[in-house]
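Please read the following note beside the sequence and the three-dimensional view. The points are numbered so that each can be checked in turn.

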Amino acid sequence: KDIKYCAVFYEGQHNDARTNMAIAMTAAEKGADIANYVEMTEGIFDKAGKVVGVKALDRITGDTMEIYADNVIFAGGPFTDALRQKESQDGAPVKPAVSGASGS
């Protein structure tokens, strides 16, 4: 009853592009603004140091923009550590959160 989303994943058979498109379209239906070919260049912080938005670059037009949100999620998959480094206010290296599989 309480399940809101479920995905079945079979190794080698998962179409992640289709899943990502379905998530984006659902978000748009719920009122989210979505964009493609837009890269976060750095975080925007409030006085307490919380990320409240991002500075972003449109990779097609070269335009830059600021995007503010109540919640910011770094959903970068294998690139999460690079996103977290951009979150670092003082430029100090961040401890890696993602590591590759070993022995596979």
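1. Among contacts in the protein between residues at least 6 apart in sequence, what percentage join residues at least 24 apart? The share is 13%, where a contact means heavy atoms within 4.5 Å.

2. The model is a predicted one, in which local features need pLDDT of at least 70 and side-chain atom pairs count only at pLDDT 80 or more, while totals for chains, interfaces and linings use all residues. Residues are numbered from 1 along each chain as its sequence is written, and side-chain values use heavy atoms, with hydrogens and water left out.

3. The protein contains two helices and three strands, and from the N terminus on these run in the order α-β-β-β-α. Helices (H or I, at least four residues) and strands (E, at least two) are DSSP runs, numbered from the N terminus.

4. Strand 1 (38-45) and strand 2 (residues 51-58) pair in the antiparallel sense over seven bridges; two strands pair if DSSP finds at least two bridges between them. Glu39 has Leu57 of strand 2 as its bridge partner. Five residues lie between the strands of this hairpin, where Gly49 takes a positive phi near 90 degrees.

5. Strand 2 also pairs with strand 3 (residues 64-68), in the antiparallel sense and over five bridges. Here the bridge partner of Val54 is Ile67 in strand 3. This hairpin has five residues between the strands, and Gly62 has a positive phi near 85 degrees.

6. Is strand 2 mostly covered or mostly uncovered? Strand 2 is mostly covered, with six of its eight residues buried. Buried means under 20% relative accessible area, exposed over 50%, and partly exposed in between (1.4 Å probe, protein chains only). In the protein, buried residues make up 13% of the 104 residues.

7. Tyr37 deserves a comment. Most residues other than glycine have a negative phi. Tyr37, although not a glycine, has a positive phi of about 60 degrees. Tyr37 is placed in the loop between helix 1 (16-29) and strand 1, and Tyr37 counts as exposed because its relative accessibility is 52%.

8. The loop between helix 1 and strand 1 also holds Ile34. Met21, Met25 and Ile34 form a nonpolar patch on the surface, with about 310 Å² of accessible area together. Such patches are made of residues with over 30% relative accessible area and no salt bridge, nonpolar side chains (Val, Leu, Ile, Met, Phe, Trp, Tyr) being joined within 5 Å and like charges within 9 Å. A salt bridge is a side-chain nitrogen of Lys or Arg within 4 Å of a carboxyl oxygen of Asp or Glu. Accessible areas come from the Shrake-Rupley method with a 1.4 Å probe; for residues, only the protein chains shown count as cover.
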